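These are my notebook entries on one structure. I set down what I looked up, topic by topic.

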Amino acid sequence: MTTAVLNASSMLTEFAAAIATGEIEVVDLTHTLDPDFPVIILPPEFGQCARFRMEEISAYDHRGPGWKWYNFTCCEHTGTHFDAPIHWVSGRDLPNNAVDTIPPEHFVGPVCVIDCSEGSKTDDDFELTPDIILAWERQHGQIPEDSWVFMRTDWSKRSGAEYLNMRKDGQHSPGPTPEAMRLLVDDRNIRGFGTETVGTDAGQAMHYSPPMPAHYYLHGAGRYGLQCMRNLDLLPPTGAILFSAPLKIKQGTGSPLRVLALVPKEAANG
Ligand code: MN
């Protein structure tokens with residue numbers, strides 16, 4: 001065995017021990033899949049995303065005396081979920097662009113968290129701009145290449161109608177500007193972008209040029225999205241490692257998933 005192999009195996013042993021002792025905390029960034037959890041609503045001329053539904057097959061009864069189980073149905077984009085490049089027209093022809101063909105090592109990696117919770121408290125349409133990203137970098141260092149970047153808004157503390165925040169002109173929720181997405185994707189070369197809101201884009205992002213810039217730029221460059229997350233307020237600005245593996249749906253455009261962050265105990269927020 002080479003030294004590198006010995007080092008990697010002792011790292012994994014230490015890693016397991018640190019999880020067991022709580023030196024590394026596992027923070028769950030996932031909402032419970034529940035029929036009441038809101039899904040995105042598109043204008044009525046378009047197809048719609050289905051909510052999560054559960055149907056009991058048996059419950060230790062005449063339909064199956066010794067076991068309980070359910071059938072469930074939902075959209076690929078229901079609840080806390082992953083967006084693959086094939087989800088957007090800008091990423092439709094890229095190689096390895098679906099959830100079943102993305103290299104699995106892309107599902108484990110570092111995450112930077114930009115706190116936009118103060119601004120989002122008073123402005124439902126709060127924008128993540130290049131100025132905010134550059135100010136974050138002056139404090140925490142440049143966003144490392146191939147990192148996830150999360151926009152914390154505390155939006156996950158909302159529920160019911162407050163979550164989608166639908167008005168006559170559509171949804172109102174915070175998100176990134178086109179310029180912010182170009183900085184993150186083209187200049188910082190991030191792996192993906194994640195939010196607490198129903199999508200990676202702002203509620204009113206159809207009015208940007210291009211419309212839905214997070215989807216357009218991320219997926220056009222083969223990068224990923226995560227949305228409907230919670231507990232971003234428990235993450236440090238840097239130093240956490242994300243585990244975010246979607247279901248292996250053949251040519252799937254996304255999927256609900258369990259998103260876990262590993263956080264060194266001394267760095268845990270809150
Ligand atoms: Mn989605």
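Before placing any residue in a strand, I note that helices (H or I, at least four residues) and strands (E, at least two) are DSSP runs, numbered from the N terminus. The model I worked from is predicted.

**Entry 1. Leu 262**

I began with Leu 262 and found its place in strand β15. Is Leu 262 buried or exposed? I use the cut-off of under 20% relative accessible area for buried. Leu 262 has 10% relative accessibility and therefore counts as buried.

I then listed its contacts, setting aside neighbours within four places in sequence. Leu 262 touches Phe 15, Ile 19, Ile 24, Glu 25, Val 26, Gly 239, Ala 240, Ile 241 and Phe 243. One of these, Ile 241, stands opposite Leu 262 in β15.

**Entry 2. The partners of β15**

I next looked up the strands that pair with β15. Strand β1 (residues 24–28) runs antiparallel to β15 (residues 260–264), and five bridges join the two. Within this pair, I recorded Val 263 as the bridge partner of Glu 25. Strand β13 (residues 240–243) is also antiparallel to β15, with three bridges between them.

**Entry 3. The open sheet**

I followed these strands into the sheet they belong to. It is an open sheet of nine strands with mixed pairing, in the order β1-β15-β13-β5-β7-β11-β12-β4-β14. Which strands stand at the edges? They are β1 and β14 (254–256); each has a single partner strand, so one side of each is left without a neighbour in the sheet. From one strand to the next, the twist averages 25 degrees.

For the parallel sense I noted β5 and β7, which pair over five bridges. Here Val 111 stands opposite Trp 148 in β7.

I also inspected a hairpin. Strand β2 (residues 53–61) pairs with strand β3 (residues 64–73) in the antiparallel sense over seven bridges. The hairpin joins β2 to β3 through two residues, and Ala 59 has Lys 68 in β3 as its bridge partner.

**Entry 4. Nonpolar cores**

I turned to the nonpolar cores. In soluble globular proteins, nonpolar side chains tend to be buried together. The largest core in this model has 22 residues. Those with the most contacts inside it are Leu 29, Phe 82, Trp 148, Phe 150, Leu 226, Leu 235 and Leu 242. At least two residues of this core come from each of β5 (108–115), β7 (148–152), β12 (224–227), β13 and β15. Another core, of 20 residues, lies apart from it and includes Ala 180, Val 185, Ile 190 and Phe 193.

**Entry 5. The manganese site**

Which protein donors does the manganese ion have? I found His 77 (ND1), His 81 (NE2) and Asp 83 (OD), lying 2.1 to 2.3 Å from the ion. The donor residues are spaced H-x3-H-x1-D in sequence.

**Entry 6. Helices α3 and α5**

I examined how helix α3 (residues 130–140) packs with helix α5 (residues 178–187). Their angle is about 45 degrees and their axes are 8 Å apart, and the two are therefore oblique to each other. Pro 130, Ile 133 and Leu 134 of α3 make the contact with Glu 179, Ala 180, Leu 183 and Leu 184 of α5.

In α5 the buried residues are Pro 178, Ala 180, Met 181, Leu 183, Leu 184 and Val 185. These pack against β6 (127–128), α3, β7, β10 (175–176), β11 (192–195) and α6 (213–220). After α5 comes Asn 189, whose phi is positive, near 55 degrees.

**Entry 7. Helix α6**

Six of its eight residues are buried, so α6 is largely enclosed by the rest of the structure. I listed them as Pro 213, Ala 214, His 215, Tyr 217, Leu 218 and His 219. The elements covering them include β4 (81–83), β10, α5, β11 and β12. Gly 222 follows α6, with a positive phi near 75 degrees.

Key: Residues are numbered from 1 along each chain as its sequence is written. This is a predicted model: local features need pLDDT of at least 70, side-chain atom pairs count only at pLDDT 80 or more; totals for chains, interfaces and linings use all residues. Side-chain values use heavy atoms; hydrogens and water are left out. Two strands pair if DSSP finds at least two bridges between them. A nonpolar core is a set of buried Ala, Val, Leu, Ile, Met, Phe, Trp, Tyr and Cys residues joined through side-chain atoms within 4.5 Å. Buried means under 20% relative accessible area, exposed over 50%, partly exposed in between (1.4 Å probe, protein chains only). Axes are lines fitted to C-alpha atoms, for helices over the stretch in contact, and angles run from 0 to 180 degrees between N-to-C directions. Donors are N, O and S atoms within 2.8 Å of the metal (3.2 Å for Na, K and Ca); water is not among the atoms, so sites may look incomplete. Angles under 35 degrees count as roughly parallel, over 145 as roughly antiparallel, 65 to 115 as roughly perpendicular and the rest as oblique. Contact means heavy atoms within 4.5 Å.
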